[in-house]
Each structure stands twice: as structure tokens, then as C-alpha cells.
Amino acid sequence: MRRVVRQSKFRHVFGQAVKNDQCYDDIRVSRVTWDSSFCAVNPRFVAIIVEASGGGAFLVLPLHKTGRIDKSYPTVCGHTGPVLDIDWCPHNDQVIASGSEDCTVMVWQIPENGLTLSLTEPVVILEGHSKRVGIVAWHPTARNVLLSAGCDNAIIIWNVGTGEALINLDDMHSDMIYNVSWNRNGSLICTASKDKKVRVIDPRKQEIVAEKEKAHEGARPMRAIFLADGNVFTTGFSRMSERQLALWNPKNMEEPIALHEMDTSNGVLLPFYDPDTSIIYLCGKGDSSIRYFEITDESPYVHYLNTFSSKEPQRGMGYMPKRGLDVNKCEIARFFKLHERKCEPIIMTVPRKSDLFQDDLYPDTAGPEAALEAEEWFEGRNADPLLISLKHGYIPGKNRDLKVVKKNILDSKPTANKKCDLISIPKKTADAASGQNEAKLDEILKEIKSIKDTICNQDERISKLEQQMAKIAA
């Protein structure tokens, strides 16, 4: 009997590594034994955690700055211990959060054209964990809401705009948290933990909505992420150390909707999910391949599509948001693969003959505007992401400045009722009036310093550009 091949527009998706001159070379990728992706990407910058002596640092490179990266290239280096995780803010392409072994979370503002000097002063330091912080994740729809998880088995949700820890989930996990994922509108989180449990948590009610013991029997690390329809996708290991992937309905976690065994490699599978196309990409740490699957409503629910293979194993992986892709080339995903000494972009494409915009590949996708303010979310409101069309491409250029920089919470002045200014945040809020005065003085000094730094950076940039002009004119 002839086997009928399932119809899917993604059956022929193929991956291609870019040419050597479009890679980022001579980067000393961090050797920390931590299972994070070590890389974060947005339409403007690629950030990579690197080796740093006596502290922790990460590189932030403008996307176009390919080729060999000079050893003296400035880094973001304010942490006193190795950086374990980084995450770009989805609502501001110049803001990035980092978690470190020094037990702190720091939020940084990257200058518009990238770094010209090393950045040592974060906009705000968030202190509340008692052990190293291995996970940071921004809220998908609310401005200024950041989640961090540490090896103290606690999850803290911060209002970055005021520097306060507003939710502390410190009694829900009895063992190390491997990963945390927000759902589509940010009303729930799901976590995978060393105690082999997958939990679905309502962070504002501070209660566990659903949990599954031994989601995967194996002792090695698991991952759990939310899909757009509310189901949970997990990767882990069987008792025989085979790598598995599974799909769960949080309303009934007794049995998985689907469970597939893959291979016996021992690298942790990092899942990257595209809610617009329902494709999941699995990148194993230490593997040299990216497998991708389509999630559908029909059995077997998780359909294997293809594998992209290369020679070199990956140390980590960055995943570009949809708005950073080239829609004219039918690009549906772009990965930034970390080798030992370089970062190599890999482009996933759907082959199409037509040059027209392929609206079936690019439904409206999450844009850079926040749907809620932090205060609204903490008060209990939910909102889906604000969608944008990619029909004419997405240019993080002048229109971007118009849209976001004017409304940028990092640049706006504080008003009486909304504390939105990240730059003017004291580390700890004092109750006494004298404490408030000191804090106010602190704020003003910080702002003066920040403005001076900016002016200094701009002066350097101007002189460099003038030198370049002189060379070209000569």
C-alpha cells in the first residue's frame, strides 16, 4: 500500500548557513557549564555571552558588524560573576537583561548604534536572589515586567520601571528550575525542574494550576515551553537516556497528547517556537543539527519536517524574532549558532517561485509595542500581543525611532503617578523621608552621569565619523 505523504507547506523548508564573511569571527564564547542558549538576538543586535576574566561579560554587536571581532571590542561587563543568561526586551530593541552567578539581575540600555565604550553601569540592578540567577525572561505583552529564576529555586517577577520585586514564588519548586516560559498573553508560566515535574503556574495568584510528575523519566535536564494554543511542549530524557519530546494539555496532564523518542545523544534539547507557523525547532547542545517539527491538531500532532545538519557542534543558539526576518526571501527563521570561536547565522527558507509577499507564511506577528503597562498587568489585566503586518518588511530604522524612541520608557521623565523612568531608580526604596531625599539625590546624580556618558560616547562617535570622512575625501 502506497504511503500518503502528509500535505504541508513547510515540508520543504531548508536551512542554509551564511557565507564566512557574514559570520561573527574570533569570539571567545563562554565556557560556563550552564544549559542556556548563551545568545540573544533582535532585529538590531546580536548579544553573546563571552569568556571574561574576573567577572562576567557579554558582547553586543550590531547585526551588520560581521567579520572578525577585535579582542578589544567593548563589552557589557558590570557583573562580578559569569553571566548565565541574557534576554532582549521585546518592546525595546535597545534594552537587554542579564542574570549572573553574582546573584543579581541587571538591565542595560545599549546605545542606538551599538557600544563604543565598554558598558559597566546598568540602568538598574535587581537584587533579591540568594543564589546564582540562571534564567531571565521578559513578559511578552506587558512593558517593564521581567521574570528571573535562580538556583535558590525561587522565581521573582520584577517591575523594572520601579526596581521592585512584586511577586516572589519561592516555595513552589523543591529543586533547581531548568527553564521558565510565558504563555502567549503572559497570564501563566510553565516551568521544568530537576524534580522531574512540569508545572503550570498562575504567578499573580501564586498558585500551581497544573503539574505533571515525571513528565520525562530520565535524570537529565528537561525543557518546557507554552505553545500559542495553550498546550505545553516538553523535551527531556527517558529512563534509558533516550531524548524525548512530548505535548501536553494543561487541563489534563495525566497522559501526554503525543510522545516521541528521538535518539540517544546526551545534549539538552533547546526548543525554539514560532507561534505564527506552529513550527518547533530543536537545537541540542553539542549537536551539529537543528531538527524541526510542525505542531497540528491531527494525530500524531507533532510532525517531523526535516533536519538541518552541519559539521560543527553548537555551543549555544540565538533565535531571531519574526520581525527581523527577510520576507522577500521567504525566510521563516534565522538562528545564530555559536561555535567555540565564532557565531554563524543559519537561515531557514520555504522555497517559493513567486516574488510576491507570501501571506500564508507571514500572518500578522507580535510587534514591538507593549499591549499593557506593568501596573495594569500586576493589577490582573491580560492582553494578547499587538500584531503588525510584515507585508512591506520591518525596518528597525527611522520608523523605529519614531515609534519607540519617543515612547521609550528609558528616556521619558517620571510623572507623579507613573514611575516609568528606568534611569532614575534607587537600588533600594527607603521608607523614611531622609532616605527618599538621598534616593532623589542619587537619581539626579545618576541621570547627570548617564547624560555625560552619552555626550562622551557621541563625541567619540562624531570624531570617528569625521576621521572616516576625511579618509574618504582624501
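1. Basis. The model is predicted; local features need pLDDT of at least 70 and side-chain atom pairs count only at pLDDT 80 or more, while totals for chains, interfaces and linings use all residues. Numbering starts from 1 along each chain as its sequence is written, and side-chain values rest on heavy atoms, with hydrogens and water left out.

2. Overall make-up. The protein chain holds three helices and 32 strands. These are DSSP runs, with H or I over at least four residues for helices and E over at least two for strands, numbered from the N terminus. Of its 474 residues, 54% are buried. Buried is under 20% relative accessible area, exposed is over 50%, and partly exposed lies in between (1.4 Å probe, protein chains only). The accessible surface is about 22300 Å², and carbon and sulfur atoms own 49% of that surface. Areas follow the Shrake-Rupley method with a 1.4 Å probe; for residues, only the protein chains shown count as cover.

3. Contact range. Take the contacts in the protein chain with a separation of 6 or more: 53% of them link residues 24 or more positions apart. A contact is a pair of heavy atoms within 4.5 Å.

4. Main core. The largest nonpolar core has 41 residues. Such a core is a set of buried Ala, Val, Leu, Ile, Met, Phe, Trp, Tyr and Cys residues joined through side-chain atoms within 4.5 Å. Ile27, Val46, Ile48, Phe58, Val60, Ile110 and Phe336 touch the most other members. Two or more residues each come from E3 (39-41), E4 (45-50), E5 (56-62), E8 (83-88), E10 (104-109) and E29 (331-338). E4 gives the largest share, six residues.

5. Ile110 and the second core. Leaving out residues up to four places away in sequence, Ile110 touches Phe45, Val60, Val76, Trp88, Gln94, Ile96, Leu115 and Leu119. A separate second core has 27 residues, among them Tyr292, Met317, Phe335 and Ile388.

6. Four-stranded sheet. This open sheet is ordered E3-E4-E5-E7, with antiparallel pairing. Two strands pair if DSSP finds at least two bridges between them. E3 and E7 (76-79) are the edges, each pairing on one side only. Twist averages 20° from one strand to the next. E5 and E7 are joined by two bridges; Gly56 has His79 of E7 as its bridge partner.

7. Strand E25. In E25 (279-284), six of six residues are buried. Ile279, Tyr281 and Cys283 lie on one side, Ile280, Leu282 and Gly284 on the other. E24 (269-274) pairs antiparallel with E25 over six bridges, and Phe272 stands opposite Tyr281. E26 (289-295) runs antiparallel to E25, joined by five bridges; there Arg291 is the bridge partner of Leu282.

8. Hairpins of E25. The E24 and E25 hairpin has four residues between the strands, and Ser278 takes a positive phi near 60°. The hairpin of E25 and E26 also has four residues between its strands. Here Gly286 takes a positive phi near 90°.

9. Ser37. Ser37 sits in the loop between E2 (24-25) and E3. Its relative accessibility is 17%, so Ser37 counts as buried. Beyond neighbours within four places in sequence, Ser37 contacts Leu270, Phe272, Gly316, Met317 and Leu338.

10. Cysteines. The whole structure has zero disulfides, a disulfide being a pair of cysteine sulfur atoms within 2.5 Å. For Cys23, the nearest cysteine sulfur belongs to Cys343, 7.6 Å away. Cys23 is buried at 0% relative accessibility; Cys89 is buried at 7% relative accessible area.

Key: Axes fitted to C-alpha atoms, helices over the stretch in contact; angles between N-to-C directions.
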